[in-house]
Amino acid sequence: MATKTKTTPSGLVYTPSIEDQPPRSIAPGRLARNLTLVVLAFALLYFLLPIVWLVIASSKNNTDLVRSFGFWFADNNWVYNWNSLMSWTKGLFPRWVLNSVFYSTVAATLGTLISVMCGYAMSKFVFPGRRALLVLIMTGLLMPIAILTVPLYVLFSQMGLTNTIWSIIIPSMVSPFGVFLGNVYAESSVPMELLEAARIDGAGEARIFFTMVLRLLAPAMVTIFLFIFVATWNNFLLPLMMISSSELKPVTLGLYGMMSYFSPDKGAVMLGALLGVIPLILLFLGLQRFWQAGLAAGAVKG
């Protein structure tokens, strides 16, 4: 008996499992599409409105922030707020931004390399306690960083590393999530046959990792880099306890110092917060296609 084929309204040819069954489109229905659009619109507003409000608030002074409509510009006081920002910070605001860029970039670069090295080693090498070590690292995902800040301060104080750049960079390099993601990605995207062929050809483990494995793990490395960079940039409690010098402050700690005054210039603080978040936006826009490629590649790994 010949099997009849049918065509869906969307143009796809298929073989029905039940005779005389009317064809149905695999595309979502109108209700599902409209509901999805509504949810996405609310999500877009939820994430964009704070940034829009920050742009508008950075143009206002203390009086305008209270009396004028929140989502409408005042008298365009950006120049005044910039001058006030530089005056309050004694000209150190640009340095604070550069400090944050330096801390986040160095910590994210070193942390990404360490994370993928650890993840690759735990996925491709057999050694006693490997599974227990992975469970211990995953437990670190549940540990709030605020709990570890005080012990870290005591340790770094005894080592004489407080009020140095290393008191920010070294703790920020450690990323249990990065190690976990590196382990999962190396497990699925680095074939053992490739490693064994390289070893047969006489390549050492270091050469295999730096010339072959890193290229295969590039999508995961972009994701890990972004997570560590943002976490380091937004970290407040760690630099608050570690850094006492004004020249070494990141932008988050510097803006907090402005708000600690009796009557701060809030418009200047808003402008500083806006300028402090622009590097993060540029970073995400620049690495967006690599990050999406990594997520897409990870979704189809066997």
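# Pocket, cores and ring pairs

Biologist: Which residues lie nearest the centre of the largest pocket, and how many line it?

Modeller: The lining of the largest pocket has 21 residues, and those nearest its centre are Ile145, Pro171, Val174, Ser175 and Pro176. A pocket here is an open set of points on a 1 Å grid over the protein atoms alone, where a 1.4 Å probe fits and protein lies on both sides within 12 Å along at least five of seven lines, and a lining residue has an atom within 4 Å of a point. Please keep in mind that this is a predicted model, where local features need pLDDT of at least 70 and side-chain atom pairs pLDDT 80 or more, while totals for chains, interfaces and linings use all residues. Residues are numbered from 1 along each chain as its sequence is written, and side-chain values use heavy atoms, without hydrogens and water.

Biologist: Which helices each supply at least two residues of that lining?

Modeller: Helix 5 (130–140), helix 6, helix 7, helix 8 and helix 11 each do. The chain has 14 helices and 2 strands, taken as DSSP runs numbered from the N terminus (H or I, at least four residues, for helices; E, at least two, for strands).

Biologist: Is helix 7 mostly covered or mostly uncovered?

Modeller: Helix 7, residues 166–173, is mostly covered, since 6 of its 8 residues are buried, that is, under 20% relative accessible area, with exposed meaning over 50% and partly exposed in between (1.4 Å probe, protein chains only). The buried ones are Ser167, Ile168, Ile169, Pro171, Ser172 and Met173, and they pack against helix 4, helix 6 (145–159), helix 11 and helix 12. Across the chain of 302 residues, 34% are buried.

Biologist: Switching to the largest nonpolar core, which residues touch the most other members?

Modeller: Tyr120 and Val213 do, in a core of 39 residues, where a core is a set of buried Ala, Val, Leu, Ile, Met, Phe, Trp, Tyr and Cys residues joined through side-chain atoms within 4.5 Å. Several helices each supply at least two residues of this core, including helix 1 (30–57), helix 4 (93–124) and helix 14 (266–299), and helix 11 gives the most, with 8 residues. A second, separate core of 12 residues includes Phe156, Ile168, Leu248 and Leu253.

Biologist: And what is Tyr120 in contact with, leaving aside neighbours within four places in sequence?

Modeller: With contact meaning heavy atoms within 4.5 Å, Tyr120 reaches residues including Phe125, Gly182, Ala186, Leu195, Arg199, Phe209 and Val213. Ring pairs also link Tyr120, Phe125, Phe209 and Phe210 into a cluster.

Biologist: How many aromatic pairs turn up in the whole structure?

Modeller: The search finds 10, counting rings of Phe, Tyr and Trp (its six-membered ring) with centres within 6.5 Å, where planes under 30 degrees apart are stacked, over 60 edge-to-face and the rest tilted. One of them is Tyr46 with Phe47, which is edge-to-face because the centres are 5.2 Å apart and the planes stand at 85°. Tyr46 is exposed at 62% relative accessible area, and Phe47 is exposed at 59%. Phe236 and Tyr256 also pair edge-to-face, with centres 5.0 Å apart and planes at 70°.

Biologist: Where do Phe236 and Tyr256 sit in the chain?

Modeller: That pair links distant parts of the chain, 20 residues apart, with Phe236 in the loop between helix 11 (218–234) and helix 12 (237–242) and Tyr256 in helix 13 (residues 251–259). Phe236 is partly exposed at 29% relative accessibility, and Tyr256 is partly exposed at 43%.
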